[in-house]
Amino acid sequence: MPTEQTASAGQHDDLALLGLMQLVSPALPIGAFAFSQGLESAFELDWVRDEASLTEWLCGVLEDGITRCELPVLARLHKAIDDADRDSIAQWDEWLAATRETAELAAEDSRLGASLKRLLGSLNLMPSEDLLPPLLPAHPGYVTLFAFAAHLRGASIRQMLLGFAWAWLENQLAVACKALPLGHTAAQRIIEQLRPALVDAVDHALTLYDDELGPVLPGLALASALHETQYSRLFRS
């Protein structure tokens, strides 16, 4: 029979998993649905037009962007939060802000961060700054807040990275289903194809040194910049 200690550990793991699922759910009310991360402009430019080209675009963003930027920095932020290392948290939060190459990408990160901070406060998950020195910067970005929330939930670093990558993919496919003639079955085919790539991305992100980090996405940056003046659009980025 399982011991009380084993049962307690199992319950902690279950709660951590459910807490992570809450964070990556499309129902999380932080407004992620309003942003396309340059994808809508790629549709307008005819760079992405169907299931095959969308899969290629997503693979490129995952390999040259998420894997080299958000995922490895999330791992560093999680550790810094665990160590209560305020300087490292601020450093990586500033580094992430510096990688946002357009006004829209910067606005997305700051607005989602502010929304997630408000949500955590409404759930009584933000520590009171009256009781302890502030661990986070005054206005942390979304990735920093995601790492903080995942840490609060007790999610492991690997779980957190997989959850973040999954949330990114689901949001991008939701954008495509709204703005392209792409059905939900096609979106599921893309998920089925990219699931192993998400795992590979996490594996690779955890091996990178600091001087290897940084997105290499000139096409996405150009698409995002052009989106600022796009005549007709559904999304804010």
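This is a predicted model: local features need pLDDT of at least 70, side-chain atom pairs count only at pLDDT 80 or more; totals for chains, interfaces and linings use all residues.
Q: What makes the contact between the side chains of R49 and D46 a salt bridge?
A: The side chains of R49 and D46 meet at 3.3 Å, N to O, and because a salt bridge asks for a side-chain nitrogen of Lys or Arg within 4 Å of a carboxyl oxygen of Asp or Glu, the pair qualifies. D46 is itself partly exposed, with a relative accessible area of 41%.

Q: What makes the phi of D46 worth a remark?
A: Most residues other than glycine have a negative phi, whereas D46 has a positive phi of about 70 degrees although it is not a glycine. D46 lies in the loop between helix 2 (39-44) and helix 3 (51-66). A84 is another residue other than glycine with a positive phi, near 55 degrees, and A84 is placed in the loop between helix 4 (70-82) and helix 5 (86-99).

Q: How do you know that R189 and E51 form a salt bridge, and which parts does the pair tie together?
A: The N to O distance between the side chains of R189 and E51 is 2.7 Å, and because the cut-off is 4 Å, the pair counts as a salt bridge. R189 lies in helix 9 (residues 184-205) and E51 in helix 3, so the pair ties together parts that are 138 residues apart in sequence.

Q: Why do K79 and D83, which are joined by a salt bridge, fall into separate accessibility classes?
A: The closest N and O atoms of D83 and K79 are 2.8 Å apart. K79 has a relative accessible area of 52%, and because exposed means over 50%, K79 is exposed; D83, with 45%, is partly exposed.

Q: Why is Q172 called buried, and what is Q172 in contact with?
A: The relative accessible area of Q172 is 1%, and because buried means under 20%, Q172 is buried. Q172 lies in helix 8 (residues 157-179), and leaving aside its neighbours within four places in sequence, Q172 is in contact with S36, Q37, L39, W57 and L58.

Q: How many helices and strands are there in the protein, and how much of the protein is buried?
A: The protein has 10 helices and zero strands, and buried residues make up 45% of its 237 residues.

Note on methods: Residues are numbered from 1 along each chain as its sequence is written. Side-chain values use heavy atoms; hydrogens and water are left out. Helices (H or I, at least four residues) and strands (E, at least two) are DSSP runs, numbered from the N terminus. Buried means under 20% relative accessible area, exposed over 50%, partly exposed in between (1.4 Å probe, protein chains only). Contact means heavy atoms within 4.5 Å.
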